[in-house]
Amino acid sequence: MAPEAPLLSMTGITKSFPGVRALDGVDLDVQAGEVHCLLGQNGAGKSTLIKVLAGAHQPDGGTIHWRGEPVTLRSPIAATRLGIATIYQELDLVEHMSVAENVHLGHEPTAAGFVVRGRAARTSTGLLLKRLGHPEIDSGRLVGNLSAAQQQIVSMARALSHDVRLIVMDEPSAALDPDEVDNLFRIVGNLTAEGVAVVYISHRLEEIRRIGDRVTVLKDGRAVARGLSARTTPTRDVVALMTGRDVEYVFPAQPAAPLAAEPVLRIRGLARDGEFAPFDLDVRPGEIVGLAGLVGSGRSEILETVYGARRPSAGRVLVDGEPLRTGSVRAAVRAGLGLAPEERKAQALLMLESVTRNVSVSTLSRFSRAGWVDRRAERAAAHSATRELSLRPGNPDVPVRTLSGGNQQKAVLARWLLRGCRVLLLDEPTRGVDVGARAELYAVVRRLADEGLAVLLVSSEVPEVLGLADRVLVLREGRVVHTAPAQELDEHRVLDLVMEGSPAS
């Protein structure tokens, strides 16, 4: 008996942009009811391939077969009509519209040829949310008032509002805590049990082993491996295929000797009502302190309060013994604090501007005279800062939006390096960064610390906190429940603490 034809078969797909061959003869086949994981470093061609599949890009060559028949995906509408839906990492929801309006946007329910609004759309949306196991989400609520996890459920409901047979999920767990990831995997399992195929893209290799069936690996626009078992292929082999070399989550060596310097950052009784309880913390030059905890534990809120983006309800922040004016980013930056925020594209980068302008934006007064900016001096300073961090490509004139996630993060760090900051606040520093680039960022952060910076780090990935930090504060529901040197903790111990709590030590 002949094997069943794949639901989707992409053969020899090519796509070039000016000066770049993004896809060079890529093959991909996906079976109905499977989770097919698409892996590769930033720049490997994943985004281009899924945009071809979504009808957003037209391939230069190759063929696409859907349910055994050749098709041409001339637009996203054409892909949707076939039953292909794409949920991008940056969700394309309209925040000022309701859940029901977002779910049915562009294909509102009709009766007798007329668009039916209100109750019919809400009823239809409610059934979809129930199918996804989330009937508690109010279909009449504004999307902008939902959590990141709830917004992702809305995106899935919108996909299911069509007769979808294949869903592409691009980094779906990036903004989710462990419980929300478990819920996501439950939903994916239910969909595949119904015969829906899922193309799953993630930088988190441990997720691939949990959720995936097969793996295709892209490197430099080519499929270097197809149909690997997601559960049995060793992680080392997958990483080697992605990078072309053996790379592990290698963290730089930590200083052997204890730090004797006076703290550069002192936090005393800092608190925000409803977000985190009072706590004290000292961070010395050359030290990396990690904050570990679930989403909602107060980690990011602490960083933003230290930085002056939020006003504390109690407590003080001191730099070199001098108290900062609370609730003032300007005062924090002048005192030598720099923040690399969780959402760098929305909160830190000017995506349409050059690398030079992104690096120099906090230091423009240094290059300005009588209202005029010395462009040559600005460019030279930015180039020096980015070269020190090995940012690629080395041309500081390119738009920052063209850089990979890892190099965009380096551009943010270069900004604070040029500013001469004393305290570096890092919130999810490797989110959306591929495996190979992570090791580079870890080395950069450790080198900056070794050169005298004090670093306060937040990450959802416990191994990252333990591998990079010298000392760790574990948070649960806004309280510090444990403090210890990183070498005295392991992942299981931290997870026990964040889930169950422990007396502060």
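Student: Which strand does strand 18 (residues 337-340) pair with, and in what sense?

Tutor: Two strands pair if DSSP finds at least two bridges between them. Strands here are DSSP runs of E, at least two residues, numbered from the N terminus. In this case strand 18 and strand 21 pair in the parallel sense over four bridges, and Leu339 stands opposite Leu425 in strand 21. This is a predicted model, in which local features need pLDDT of at least 70, side-chain atom pairs count only at pLDDT 80 or more, and totals for chains, interfaces and linings use all residues. Residues are numbered from 1 along each chain as its sequence is written, and side-chain values use heavy atoms, with hydrogens and water left out.

Student: How many bridges join strand 21 to strand 22?

Tutor: Five bridges join strand 21 to strand 22 (residues 454-458), and the two run parallel. Leu426 stands opposite Leu457 in strand 22.

Student: Which residues of strand 21 point one way, and which the other?

Tutor: In a regular strand the side chains alternate between the two faces of the sheet. Here Val423, Leu425 and Asp427 point one way from strand 21, while Leu424 and Leu426 point the other way.

Student: Why is strand 21 described as largely enclosed by the rest of the structure?

Tutor: Buried means under 20% relative accessible area, exposed over 50%, and partly exposed in between (1.4 Å probe, protein chains only). Strand 21 (residues 423-427) is largely enclosed because five of its five residues are buried.

Student: Is Thr14 buried or exposed?

Tutor: Thr14 is buried, with a relative accessible area of 13%. The place of Thr14 is in strand 1 (residues 8-17).
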